[in-house]
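Please examine the sequence and the structure shown here.

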Amino acid sequence: MHEYTSTARVWGLSCPGFPEEVSRARRWTRDVLRGSPFAEDAELIVSELSANAILHTASGHASGSFHLAVAVSAQVVAVSVTDTGGTGTAPKVEHQDQDAEHGRGLGMVSAIAHRVVVHASEAGHTITAELFTDAGRGGHPC
């Protein structure tokens, strides 16, 4: 194989920051991952992360947006949501009480995904949830 050739496939989608775009992002993810054993988990992750972007960042303001990426390889399905920032702190995983009305989203994502990575920059935050095809790598059973 040529050194610059990858077997990973990557898809991207940009959405305006309207609440109804969360369902569009979910459908798009389901379509991209049709037939994958990770489709339902990825769809739930995208729903949570997209809703968080709209509710808690400038993505939900007038002319705001959020961006999705899905990368698929033989080893991993990675789902990323990038918001447009506007908050003083980066998102973090919090394990809230089961009855809590807010603050459970990233905790739920981290319970589903094998690994969650939060990257913060001045332009916004990217949260990537990885689902490993080999459960031994992440320690989480498929």
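Q: What makes Ala39, Ala42, Glu43, Ile45, Val46, Ser47, Leu49, Ser50, Ala53 and Ile54 of helix 2 count as buried?
A: In this predicted model, these residues of helix 2 are classed as buried, which means that each has under 20% relative accessible area.

Q: Against which elements do the buried residues of helix 2 pack?
A: They pack against helix 1, helix 3 (105–112), strand 2, strand 3 and strand 5. Contact here means heavy atoms within 4.5 Å.

Q: How do you know that the span of helix 2 is close to the expected one?
A: Helix 2 has 18 residues, and 26 Å is expected at 1.5 Å a residue. From its first C-alpha to its last, helix 2 reaches 25 Å, so its span is close to that expectation.

Q: How is helix 2 placed on the sheet?
A: Helix 2 (residues 39–56) touches strand 2, strand 3 (76–82) and strand 5, and its direction makes about 15 degrees with that of strand 3.

Q: Why are strand 4 and strand 5 said to pair?
A: Pairing requires at least two bridges. Seven bridges join strand 4 to strand 5 (residues 124–132), so the two strands pair, and they run antiparallel. Val117 stands opposite Thr128 in strand 5.

Q: What is the order of the strands in the open sheet?
A: The five strands follow the order 1-2-3-5-4, with antiparallel pairing.

Q: Why are strand 1 (9–16) and strand 4 (115–121) called edge strands?
A: Each of these strands pairs on one side only, so each is an edge strand.

Note on methods: Residues numbered from 1 in each chain as written. Predicted model: local features only at pLDDT ≥ 70, side-chain atom pairs only at ≥ 80, totals over all residues. Heavy atoms only, no water. Helix = DSSP H or I, 4+ residues; strand = E, 2+ residues; numbered from the N terminus. Axes fitted to C-alpha atoms, helices over the stretch in contact; angles between N-to-C directions. Buried < 20%, exposed > 50% of the residue type's maximum accessible area, 1.4 Å probe, protein only.
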